[in-house]
Structures are given as C-alpha cells and as structure tokens.
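Subject: Structure handover and findings

Hello,

Here is the structure for you to look over. My notes follow below it.

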Amino acid sequence: MAARYFDGTSSRAHPVGLGVAAGHLVLSGGGIDRRVAAYDIEVSEPGVSRMRVLHFRGGGSLEADEAELLALLTALGLRDSAVARHQMRWSMALGALVLLVLLALGAWAALPFVADRVARVLPANAIANVGKEALALLDRTHFDPTEVPLERQNAITDRLALVAGSDRLPGHTLLFRKAPRIGANAFALPSGDVVLTDELIALAEHDDEIIGVLAHELGHLDGRHALRGAVQSSAVAVASAVYFGDVSSLGAGLSAFLIQAKYSRDFEREADRYAEAFLRRHDIPPARLGAILERMERSAGAADSDAASGYLSTHPVTEERIRELLAP
Amino acid sequence: MVPIATESSAAMPRPERAAFTGTGGEYFRIWAVNLLLSIATLGIYSAWAKVRREQYFHGNTRIGGASFGYHALPMAILRGRLIAVAALVAFQVSGLLSILLNWALVIFFFVATPWVIVRALRFRLANTSHRGIRFRFHGTMAEAALVYLGLPLLTVLTLGALAPFALQRQTQFKVAGAAFGTTRFGFTASPGAYYRVVATTALLVVAILAAGAAPILMFLAQNGWKPEPGVTPPALAIFAAVAAYLAVILVVGPLFQVRMQNLVWNGSTLGPHRFASDQRYASFFPLQLVNAILTVATVGLFRPFAIVRIARYRAEHLTLVPGASLDAFLTDAAAGASATGEEFAELFDFDIGF
C-alpha cells in the first residue's frame with residue numbers, strides 16, 4: 001500500500017513517495033512537496049497491524065507500511081521508546097504477569113500491617129461519629145429499651161471493673177438493650193459503646209461468661225478493628241476496581257466480599273486472643289467464653305455450620321473458635 | 001457529435017465497512033505490561049498505559065482505508081487522575097469524619113456531573129483524529145445539566161417511566177454535539193424506538209427474575225411467609241434465584257447491548273453520510289458467553305482477548321454509508337481541551353463512549 005499523506009486540513013488522502021534528505025523526511029507526488037524535520041515527527045508505536053502513522057508538528061500526518069518506513073526512520077534517527085520496543089515481547093508480558101502475582105501476594109500479606117499503621121495514626125475518634133450514627137440506627141430498628149433491672153446492670157458493670165483491676169482498658173461505655181430480632185449477642189461500636197443484649201444476659205449461666213464476652217468486645221476496641229476494617233475495605237475496593245475495571249461488577253463484588261470476610265475473621269480471632277489473655281490474667285477460665293459461645297450458637301439454630309460456609313461467613317466457625325479458646 | 005461534458009463523476013463512494021486489525025495476542029502483551037507498571041508505580045504509570053491502550057485500539061480501527069489516532073498527552077491524563085483520586089480520598093475521609101460532610105460532597109459531585117461529562121467529551125473527541133482531522137464536541141453544560149441531572153431526577157419521580165426518554169436524550173446530546181472537523185453529527189433515533197428496546201428488555205428481565213424467584217416464593221408461602229430461623233429454602237430454590245440473576249446478566253445483557261448499538265448507529269448521521277449497524281444477538285451472545293466463561297476460568301487473564309473480540313465484532317458490523325465524497329471533510333481549528341473531566345468520568349465509571 002502506498003504511503004498516504006493527510007494534510008490536516010481536508011480528509012483527502014494523497015498517495016506520496018518518501019525519501020530522506022539532510023535530516024528531513026521528504027514527501028512528494030500528486031501535487032505534494034513537503035519536507036519535515038526529524039524532530040517535528042512523532043512516530044506511532046509498533047504493534048498496530050504493521051502500519052505506522054507519523055504526525056507532523058504544524059499539522060499533517062502520514063500512514064504507511066511499517067516495512068517501508070523503518071529504513072527511513074532509522075536514517076532520520078527516530079527510534080521507538082524502550083517500553084514500546086519491549087512490551088510486544090511475550091517474555092516481557094509473561095514476566096510482567098509473574099511479577100504481578102508476586103506483588104499481589106505481597107500486598108495481600110502486607111495489607112493488615114499497612115492498615116494497622118494507618119489506623120494507629122488516625123485519631124481514635126475518627127469514626128466515633130459513625131459509631132454513634134450506627135447506634136442511633138440500631139436503636140431505631142433493632143433495639144428496644146432494656147428490661148434488665150438497673151441493679152443487675154450495675155452489678156455487671158461493677159464486676160467488670162473489679163475483675164479488670166488495674167488493667168488499662170480501652171475507653172468504653174456499657175449499654176444494655178433488648179434485641180428480640182437479634183437474640184443473644186454483643187456489639188462493640190467504634191464510638192466505644194459496648195452493647196449487651198438482654199437475651200445474652202438471660203442465656204448466661206454465670207456472670208464470668210458475660211465478662212468473657214465483654215473481654216472479647218473490649219478486644220475489638222483495643223485493636224481498633226472497626227477503624228482498621230474501614231481502612232482495609234477502601235484499599236480492597238480500590239484494588240478490585242482497578243483490576244476488574246468495568247468488567248462484571250459481579251467479579252469485583254464477590255472478590256471484595258471474600259477478602260473482607262477473611263479480614264473480619266482475623267479481627268474476631270484477635271478479639272478472642274485478647275479475651276483469652278484477659279481472662280487468664282484474672283484467673284477466669286477461657287472455657288467460660290467457650291461455653292456461652294456454644295450456647296449462643298445453639299440458640300441461633302445454626303446446627304450445621306459446616307466448613308464450606310465457614311470461609312464465607314464473617315465469623316469464624318464457632319467450633320473453631322471454641323477449640324482455640326480451650327487450647328492451653 | 002460533440003460529447004456532452006459531464007462533471008468528472010466522483011461516483012458516490014460505496015459503503016465502507018469498518019475493520020479492526022488488532023489481535024488478542026498483541027493486546028494481551030500491552031495489557032500485561034501496562035498492568036504491572038501501573039501497579040508497581042501505584043497508578044502513576046496508568047496514564048501512559050491508558051494512552052498506549054487507546055492508541056492501540058484507535059490505530060487498529062480502520063474505515064475507508066484510514067485508521068484513527070489518539071493524541072492525548074499522558075501528563076494531562078495523569079493530572080486529571082490525581083485530581084480524581086484526591087476527590088475519592090476526600091469522599092472516603094469525609095465519610096469517616098462526618099455524615100453531613102459526606103452528604104455535602106455527594107451533592108457537590110452530583111451537581112458537578114454535567115461539567116465533568118462535557119469536559120470529558122470535549123477532551124476525548126478533541127484528542128481523536130481520522131485522516132488528519134480532529135473531532136470536536138459542541139454540547140453545552142446547560143444541555144448536559146438538563147439530560148444528566150434534570151431528566152434522571154424526573155425519571156426517579158416517575159418511578160422510571162421516563163428512563164428510555166432520558167437515555168435517548170443523553171445519547172442525542174453526545175452524538176448531535178459531536179463533530180468531525182467542521183461537519184456535525186446528527187441523531188435521528190426517536191424516543192419511541194428507545195421505549196421499544198427498553199420495554200422488551202425489561203419484560204424479558206422480569207420474566208426471568210420471576211421464574212427464578214418462584215421456587216423461593218413458593219417456599220415462603222408454604223412456611224407462612226416468616227420462616228423460623230434455621231429453616232432454609234431448599235438448595236434448588238437458591239440455585240434458581242442465582243441462575244436467574246446470572247441469566248439476566250449473561251443472556252439479556254448482550255441482547256440489550258446489541259439492540260442499543262444498532263439503534264444508536266443506525267440513528268447517527270455525519271453531514272450527508274449515514275451509519276449502518278448490523279449486529280445480531282445470534283452472533284453476539286455466543287461471543288460474550290465465551291468471553292465471560294473464559295475470563296472467569298482464567299482469573300481475568302482472558303480479558304484482553306475478550307476486549308479485542310468485542311472490538312472486532314463491533315467494527316465489523318459497522319458500515320459507513322457515504323452520501324458524498326469522503327475527501328470533503330474539513331478541519332475545525334479550535335482550542336484544545338484539558339484532561340480532568342475524562343479521568344473523573346473513568347474513575348467513577350461513566351460510560352462516555354458511543
């Protein structure tokens with residue numbers, strides 16, 4: 001195919017002959033006579049079906065076969081950039097992918113540490129507001145005023161203070177709520193509010209079981225899990241969006257969800273370890289926490305928490321947790 | 001007998017089918033290196049990666065014997081991206097600090113949308129060329145506000161009834177505002193045609209979702225609409241629901257895309273010329289299905305191949321029907337455009353393209 005020159009003013013294609021003279025590209029033929037200095041030429045990258053396009057500063061362009069052009073371009077001293085030359089080699093592409101996988105694995109491993117550093121640097125009340133809003137929302141939708149008598153509430157609060165002794169606990173406020181739709185459970189909100197449900201208190205057969213649950217929730221506060229989770233989840237969302245781009249929001253959503261679930265499980269494990277250390281330190285057997293966990297599991301009716309769904313849920317399978325708590 | 005002098009007839013040029021000359025293998029190599037360098041440089045290289053990608057696709061798209069050019073400067077794109085990232089970070093941080101501030105930013109971004117869209121279109125078109133002539137965009141921010149803010153709001157108020165109308169107006173804004181040199185594009189597809197496409201697609205989606213939800217609804221009906229905790233629907237019912245969801249994406253999605261592409265291109269004109277698009281669901285659906293399966297099976301590695309397959313399909317089913325000589329287009333010397341708009345649009349996943 002002959003080289004075609006476009007003068008940049010009209011869309012007409014002019015077939016031209018090419019030559020080189022004194023550092024200039026010479027175009028001639030069909031009424032066209034033009035010389036363009038080498039430094040006024042921008043060459044398109046290789047890899048476009050063996051055609052090249054030259055753009056001339058001041059207007060105009062040329063489309064020609066790569067084979068025809070290369071000799072001329074070399075004579076003019078115009079070379080492709082290093083990346084352009086290398087990117088078309090299969091070895092580079094495959095090498096790039098291997099490196100990517102390594103980077104991804106490294107990032108996966110490093111993300112908790114990075115989130116940790118960032119979370120420790122952010123002010124503690126960075127998401128306290130979110131916690132307050134969450135509590136307000138829960139009070140509207142899931143919580144009813146507690147029916148636990150005030151003396152019992154104070155007894156629990158006092159017992160925690162007594163057991164903790166001179167320990168420095170993370171700032172917290174114990175709140176009591178009735179939650180018929182949630183059942184026996186406890187929540188640590190990033191504002192420092194720790195909510196105990198009436199159903200949990202009813203389920204407990206010994207106050208130390210409640211202390212165990214409180215220790216676990218304090219573990220969440222101590223580890224700033226809500227804050228770290230928020231920092232981690234935005235990193236995951238951005239990474240997923242970059243890789244999956246606009247293809248199947250399905251894929252991006254699913255992967256982000258799976259990764260998130262794992263981080264939440266790590267946080268639960270951390271909270272369990274904090275609780276275990278706390279209980280042992282104050283001569284309370286961790287089995288207390290295990291016992292109430294088991295009862296909560298049974299009352300929630302999840303009789304078949306099998307391994308497969310374990311990975312997908314945000315709480316590690318309760319049997320696993322109980323076993324880790326009972327281990328010496 | 002004196003021969004009657006006739007105008008040396010430039011016979012009407014014949015219809016030109018577009019072509020895509022790129023291959024999956026070629027693009028895969030560009031894509032892999034782009035991905036590595038973009039991630040290794042924490043996204044800085046992504047501006048160069050984008051230019052490389054666009055130049056590959058523009059340069060391999062040919063019509064009437066000439067390819068397209070993409071001229072955006074990586075630095076301009078990088079600037080735009082940094083601003084977009086700063087906005088995203090500000091949004092995330094505001095969410096941590098105060099719900100009020102978060103909502104203020106939401107409203108700000110909403111209002112800024114027409115500005116972003118107009119700048120993105122101007123930037124993209126001004127940096128696209130064909131036969132040495134640049135494209136242009138002449139749509140105004142007032143029009144953009146009307147079709148991208150006003151109409152969507154009305155659509156929400158009418159519970160979606162205005163959606164096809166809004167879509168038609170938005171596409172009209174994009175197409176009729178575009179120009180190739182001094183020649184303006186035109187858009188003739190009617191709102192009625194949009195309603196037909198959206199209505200038939202919507203009916204299909206509803207039918208599939210109803211079929212998929214039926215087993216679960218039956219289960220709920222049998223259990224008095226409020227099942228005890230621990231009583232779960234049979235696996236088959238859940239499977240049916242998930243299958244319906246996938247069917248909507250994989251089966252109805254391509255149908256909608258094909259009909260929309262045909263509708264838009266068949267309704268587009270460029271001066272005296274027209275376009276014709278003859279995509280068919282029967283050929284596009286298998287292509288997309290294979291794309292989806294292979295992309296998932298290869299954890300995304302097939303994606304560059306999938307993108308090339310789609311580009312090739314779309315090009316090969318697009319024809320330019322000339323109404324005059326193709327040499328007659330003239331350039332329009334107008335000022336350049338900056339990149340910020342396009343990068344905002346890309347980061348927040350607006351569909352700017354045709």
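The expected span of a helix is taken as 1.5 Å times one less than its number of residues. The model is a predicted one, and helix 7 of chain A, residues 207–222, can be held against that rule. This helix has 16 residues and reaches 22 Å from its first C-alpha to its last, close to the 22 Å expected. Of its 16 residues, 14 are buried, so helix 7 of chain A is largely enclosed by the rest of the structure.

After helix 7 of chain A comes A:Arg224, with a positive phi. The value is near 50°, in a residue other than glycine. A:Arg224 sits in the loop that joins helix 7 to helix 8 (225–244) of chain A. Its relative accessibility is 23%, so it counts as partly exposed; the limit for buried is under 20%.

For chain A overall, there are twelve helices and eleven strands. The chain has 328 residues, and buried ones make up 42% of them. Among the contacts in chain A with a separation of 6 or more, 60% are between residues 24 or more positions apart.

Chain B also has a residue other than glycine with a positive phi: B:Val299, again near 50°. The loop in question runs between helix 9 (281–297) and helix 10 (303–316) of chain B. B:Val299 is exposed, because its relative accessible area is 64% and the cut-off for exposed is over 50%.

Next, the aromatic residues. Over all chains the count comes to 21 aromatic pairs. One of them is B:Phe135 with B:Phe185: the ring centres are 6.3 Å apart and the planes stand at 20°, so the pair is stacked. For that label the planes must be under 30 degrees apart. The pair links distant parts of the chain, since B:Phe135 belongs to strand 6 (residues 133–137) and B:Phe185 to strand 8 (residues 183–187) of chain B, 50 residues apart. B:Phe135 is buried at a relative accessible area of 10%, and B:Phe185 is buried at 11%. Both belong to one aromatic cluster, together with B:Phe68, B:Phe180, B:Trp265 and B:Phe275.

Last, a helix pair in chain B. How do helix 1 (residues 24–40) and helix 2 (residues 46–59) of chain B pack? Their axes are 9 Å apart, at an angle of about 170°. An angle over 145 degrees counts as roughly antiparallel, so that is how helix 1 of chain B runs relative to helix 2 of chain B. From helix 1 of chain B, the residues in contact are B:Glu26, B:Tyr27, B:Ile30, B:Asn34 and B:Ser38. They meet B:Ser46, B:Ala49, B:Arg52, B:Arg53, B:Tyr56 and B:Phe57 in helix 2 of chain B. By class, this contact has five nonpolar, three polar and three charged residues.

Regards

How values were computed: Residues numbered from 1 in each chain as written. Chains lettered and ligands numbered in written order. Predicted model: local features only at pLDDT ≥ 70, side-chain atom pairs only at ≥ 80, totals over all residues. Heavy atoms only, no water. Helix = DSSP H or I, 4+ residues; strand = E, 2+ residues; numbered from the N terminus. Buried < 20%, exposed > 50% of the residue type's maximum accessible area, 1.4 Å probe, protein only. Phe/Tyr/Trp six-rings, centres within 6.5 Å; stacked < 30°, edge-to-face > 60°. Axes fitted to C-alpha atoms, helices over the stretch in contact; angles between N-to-C directions. Parallel < 35°, antiparallel > 145°, perpendicular 65-115°, else oblique. Contact = heavy atoms within 4.5 Å. Nonpolar A, V, L, I, M, F, W, Y, C, P; charged D, E, K, R; others polar.
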